[in-house]
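Thanks for coming. Please have the sequence and the structure open.

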Amino acid sequence: MLRQIEGSRAVAEAVAACRPQVIPAYPISPQTHIVEALAELVSAGSLAPCEFLTAESEFGAMSVAIGASAAGARAYTATASQGLLFMVEALYNASGLGLPIVMTVANRAIGAPINIWNDQSDAMSQRDCGWIQLYARDNQHAADLHVLAFRLAEQLSLPVMVCMDGFVLTHAVERVDVPDQSTVDAFLPPFAPRQVLDPGDPVSIGAMVGPEAFTEVRYLAHLRNLDALERIPALAKEYGALAGREVPGLVTPYRMVDADIAVVALGSVLGTLADAVDSVRADGIRAGVLGITAYRPFPFEQVRQALRKVRRVVVLERAFAVGVGGIVSADVYSAIRTPLWTVVAGLCGRPVTAGSLRGMLREATTDRLKPLTFLDLDHDRVRRELRAVGGAR
Amino acid sequence: MSVQPVKFYQVGSWAAGNRLLRPEDRSVQADPQRANSLTSGHRACQGCGEALGARYVLDTASRVTGGRIVAVNATGCLEVFSTPYPESAWRLAWLHSLFGNAAAVASGVAAALRVRGDRDTRVIAQAGDGGTVDIGLGCLSGMFERGDDVLFVCYDNEAYMNTGVQRSAATPPAARTTTTPVVGAVPGNRFGQGKDVPRIAMAHRIPYVATATVADLRDLEAKVAKAIGLRGARYLHVLVPCPLGWGTASGDTIRIARLATQCGLFPVYEAEDGTVTATTPIRRQVPVEEYLKAQARYAHLFAPEPRRDLIDAIQAMADHNIDEYKLLDGE
Amino acid sequence: MSDKPFAITLTVGSSLANKTGAWRTQRPWYVSRQPPCATACPAGQDPQQWLYHAEEGYYEAAWRGIMAVNPFPAVIGRVCYHPCQAACNRASIDEPVGINAVERFLGDEALRQGWTVPIGPLTGERVLIVGAGPAGLTAAYHLTRLGHAVTVRDANPRPGGMMRYGIPAYRLPRDVLDAEIARIVAMGVTLDLGRPVGDLRAELAAGEFAAAFIAVGAQRGRHTEIPAGDSARVLDALSMLHDVAEGEPPLLGRRVVVYGGGDTAMDAARTARRMGATEAVVVYRRTRERMPAHDIEVEQAGEEGVTMRWLSTIAEVGEDRVVVERMRLDETGFPQPTGEYEELPADAVVLALGQDADLSLLSSSPEVAVARGAVTVGADLMTDLPGVFAGGDVVDGERTVTTAIGHGTRAAAAIDAYLRGDAAVPAGPVREPATVDGLNPWYYADAPAAVRPRLAAARRVDTFDEVVGGLDVDTALFEARRCMSCGNCFECDNCYAVCPDNAIVKLGPGKGFVVDLDYCKGCGLCATECPCGAIDMRPEQT
Amino acid sequence: MFQVRIHGRGGQGVVTAAELLAVAAFAEDRYAQAFPSFGSERTGAPVAAFCRIDDHPIRTHEPIAAPDAVVVADPSVLHQVDVLHGLRPDGYLLVNTGRSAAELAISGAVTARLCLVPATDLAREHVGKPLPNAALLGAFAALTGLVRLDSVEAAIRQRFSRPVAERNIAAARAAFDIVHAAQREASNA
């Protein structure tokens, strides 16, 4: 049903429609509105049967999800930022054990300095933890991706992280067609675990594995993860047909057909980028946007195809690797193997404006853009600070 | 003349079984059909107290529930020696996740069972002292506080044995570990540190908290059976001597555990809803020396010259337990 | 299962493929040790072995265990001084097991139930036994079981020897004695009573008997020269007890002095009390500590009003008094006269100074060596005369009913072997002793000895009723179960329970346990925690 | 696209106001996007909320830099934050106050489209609490004509329980009427 609704609420209702059976949660901004809404739905009895547990930490919350999933229950939780980092050990365990947990990450920067605002440093720091990572471009996408995530997770016996920009999406009240129960039920069958803790048919889950088999275990996990690249488009198509709308799957090209400069990005900035692209095209700059939804596994082939004819590629990063630069850039580069520009923008909630993006595009097309650029960087401030520490360069 | 009730004085209630007892009155471990939840072929050291404790606990739980148990295991010796690929020594539904999260994982399993309407299957979480009193305490406290339907069993061998005998918050004063070497004025572990986790558990006002050792099989089995019979969060703290870490003969594991209780250093008791309701009295009291002397980790208390001061301090701890838990107030 | 995630998820119980027995440097070994009670029993019984049955309430099986050695459980259960209990390891925990009381209970139970012992196929051999005392009748019992025809001759009109003529009825009721003898006779033993054997050589000349067993006992009371007036009444304890047993009690008067310090002296004094003596004084030349009489006898005599005069000898006996000289012990512990005299009123003096065997039946057999009044025999109790054996009080050794029964049993075995032409009696396996430090006493719950009820001491003085009562069913069971089964497995399941590797296999009731060497790591827990020390750890040879 | 910025203090419900405005637009089958100024401001601190309204789907997620209208729910922030920042020269400025522009020291030159409404007084009168949101939305509808009064009422009904909703609707109508009357005066003058 079409609603003017807050992103967190829309996601909570989409998750509830997926009939999760165990929801452990530990509060952290900007994830709170999601779990608050789910707590309300469980208490009200409109999500049943379901156990909502308030954990003592994010580490505890993910651990409860691990136990629940291993015991055959559909498990869901949500977190952000420091909370995701506090979970790290358990994240690797959940993927290593092949437990199809679904988790929302309300993307937020990582301290220090302590902060609460949006960027994607948190999820990016966990790109290698073995979870599938999907990034929502808006709240409709976020709601739909959760439904898709449960089916995908359970098909592959792998955990899935649905990333949505904190505040920018979680707290934005937008028009969303909230997935209704009948549509979800038609798409998502009851959880049939690949392995379950059953006294009637006992197994030992979580063995210690040494050099004799660990490489094979990892390689098999890699193949299973890659399998998602085949399944995501199919699932997006199937679910989109049921829901009556297009659901972006692996990647989303915008005006890429004749583009000779493309911006690659993830998340809520894609909408603003589209506006910027439209306006620079009015100035004759043939720009396009390649939105990436599935970041893990990385859709190398789709990215290569989409950027095949493009002369200039800019990767817009909402996080960055200190001492290196772009994070997504590295993946895009290994897909296309041609030089590209990395633009780090919107760290910790700094607005990414259409104006700045237009400027960026103009600089890129006129070859004035540095290979690694920090959008809207306060150069005076930086110079002053460098002088102050005597480290002028 | 007064006819005395016929008892089995040959072994009383102390040995595992007795051909004079009805099978149902014998200990679970005397049963030829016992579950052997942790079966042969595991890689525990000779005389491992933890291997013994785990089988005692799980076989009893298995008998009481008719085999409907799920065990969640923290990282540690027990996990490593029981399930090195490609062999598992467990004969029940078992899950190992991480070092510090056994309680939380068990909470998740319990939640899953609850939501599936399965009230028959019972959940047991097990960890060593490190996984319980140190890295696992946060999750454990959360499990207690929420009252999740889990029996958490700590197999306490008083140090991190899996990693090579380093100090834990359960390591007793004066004990030598690789991180509390025998140098300085007070060799071995410092006095006045450590946590009394059974007491911490009691402070959560959970329905059942008990301590036990591998030296008193029937007491241990009775406590497991009682705990399984209750709902909500329950905690069992079992002393399991480690021949490797304690420097004892592999055949002395049970004898050492017995000495720990008989000298008063390890009080054996039960608590319900936060209050001590029963203690197991000392039967043959011994001075702490007898317990300490048998262990290489305390060798520095006796040679090169005896450290009377430290031994007295340890005796004082035992005496304090004896007073606090009225361990000499007879049966 | 292939559908399980590779390596991370494993099949339960798959560790059985890992044979940890390879780690072992030593292995547990189930052993059987010799319990101290068995070592101590003069009759050669193994109390632990029959207590094992009694613990389960299998009283007949327990009784048959006794009967394999001793045909007089009811008698021994009363008159034995039970060295088995003195040796019992349980003494170091609380009190010795009341083996003797259980034996008596079993003996009485057998008489109540009328249990009997089968006899083997007849061999056609005939054996002569001289003396119907404990040694003779025991030998007759065993030989009869083995199928030999036995004739027992005795000078007395009734069988039992010292059991009848030496031990007063208040210690051994005659119905009990008669019943246990009757059971032996009923097996086909020929009793030839009131028929003394004057000359054994002559007796055997007829060739009727292929072997003989001399068990005439020590019937002759020792005498000492004491100046006595014509009217002084001086009796010999043995004949006094004999006459009392025959129902012709001698006149003693009100004041009786008994001279001597053995059990017979106590019997005489206590009998005198029962015959109406108001004063019964035992005069003995040494101290209480050096008195040969068993403590229980002295104790009970005291309870019955018998008084003692230590360090005293009788110097002279008058009509109504005796003169007593005080003695002192010299450094060697030997009593020396002091020259101090005093008088005691006495209507009669009973001499209990020890007994000698009457060996006149060997007068025409000089080849049979005799030393210090005892027949010399070999380990098999055979005299120098082939086929002629001797036992009981006529040979050297402790003069108790229990010892005599032991001789009877050994002699029977030796005679049987002799008749079969076998050389030696097959000796049982030699077992290591089960010492108390081999036990793990923790597992034995504390238990006091069952109370053995006694008649009020006051009643004893005017009746010959039995002084010491017996155990009832409950207390007998109770007492039997106090046995710790030293050195021998009693299936407590400890080894099975304490093995961290499940490497002990339980074979089932009565079958014990075996070690699964595929998995036993040799930790030794089973040996340490075995309550009774029935497991050894033995090094693996490398 | 029409963009609104609402200023106030934490706890005064400016975020709710922006949301109600978006819902009102949604009720007219238009596209809207409401969002708060993301932060951890506590009660009493100056806060802002935003709302976009358009006839086409809204793709951008950048903050609003150049609003077409600014609503000041609490005049005490007037000289604390630059409420006029980025306001279009012909933009609307709606201030909750019972006083005059002079008293507030806002020079009339700021914008031609200045509107003062005693929303808090109206709230006290109709709602019984000093919560000016509904009144301000009523005034906003009258001032800009961007959304209809009945759409505002629908949004209020959707958000609040019936009695509370009705009281707020009364306040909204009162404010609407005041502004409407004032506008007619101006146009007649």
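First, a definition: two strands pair if DSSP finds at least two bridges between them. Helices (H or I, at least four residues) and strands (E, at least two) are themselves DSSP runs, numbered from the N terminus. What you are looking at is a predicted model, in which local features need pLDDT of at least 70, side-chain atom pairs count only at pLDDT 80 or more, and totals for chains, interfaces and linings use all residues. Residues are numbered from 1 along each chain as its sequence is written, and chains are lettered from A and ligands numbered from 1 in the order in which they are written.

Start in chain A. Six strands form an open sheet there, in the order β10-β12-β11-β14-β15-β16, and the pairing is mixed. The edges are β10 (251-254) and β16 (372-374) of chain A; each has a single partner strand, so one side of each has no neighbour in the sheet. On average, neighbouring strands of this sheet are turned by 20° against each other, direction ignored. For angles in general here, axes are lines fitted to C-alpha atoms, for helices over the stretch in contact, and angles run from 0 to 180 degrees between N-to-C directions.

Within that sheet, take β14 (residues 312-317) and β15 (residues 341-344) of chain A. These two strands run parallel and are joined by four bridges. As an example, A:Leu316 has A:Val343 in β15(A) as its bridge partner.

Which helices pack on the sheet? One is α11 (residues 300-307) of chain A, which touches β10, β11 (261-265), β12 (287-292) and β14 of chain A; its direction makes about 10° with that of β10(A). Another is α13 (residues 354-365) of chain A, which touches β11, β12, β14 and β15 of chain A and makes about 145° with the direction of β14(A). Contact, here and later, means that the C-beta atoms of two residues, placed from the backbone, lie within 7 Å.

Helix α11(A) also meets another helix. Two packed helices are described by the angle between their axes and the distance between the axes. The axes of α11(A) and α12 (residues 328-336) of chain A come within 8 Å and cross at roughly 70°. That makes α11(A) roughly perpendicular to α12(A), where angles under 35 degrees count as roughly parallel, over 145 as roughly antiparallel, 65 to 115 as roughly perpendicular and the rest as oblique. From α11(A), A:Phe300, A:Val303, A:Arg304 and A:Leu307 meet A:Val332, A:Ala335 and A:Ile336 of α12(A). By class, that contact has six nonpolar residues, no polar ones and one charged. The classes are as follows: Ala, Val, Leu, Ile, Met, Phe, Trp, Tyr, Cys and Pro are nonpolar, Asp, Glu, Lys and Arg are charged, and the others, Gly among them, are polar.

Now the chains together. Which pair has the most contacts among the four pairs of chains that touch? The answer is chains B and C, with 50 residues of chain B in contact with 56 residues of chain C. On the chain B side, α1 (49-65) and α9 (253-262) each supply at least two residues, and α9(B) gives the most, with four. That side has 22 nonpolar, 20 polar and eight charged residues.

Chain D touches chain A, with 18 residues of chain D in contact with 20 residues of chain A. The most on the chain D side comes from β2(D), with six residues. By class, that side has eleven nonpolar, four polar and three charged residues. Chain D has no contact with chain B, their closest C-alpha atoms being 28 Å apart; chain D has none with chain C either, and there the figure is 43 Å.

On confidence, pLDDT is the predictor's confidence in each residue, from 0 to 100. Chain B has a mean pLDDT of 94, and 95% of its residues reach 70 or more. Over residues 1-6 of chain B, however, pLDDT stays under 50.

Last, the backbone spots. The peptide bond between A:Ser29 and A:Pro30 is cis, with omega about 0°, and A:Pro30 lies in the loop between β2 (22-25) and α2 (32-43) of chain A. In chain B, the bond from B:Ala303 to B:Pro304 is also cis, with omega near 0°. A:Arg19 is not a glycine, yet has a positive phi of about 55°; A:Arg19 sits in the loop between α1 (7-17) and β2 of chain A.
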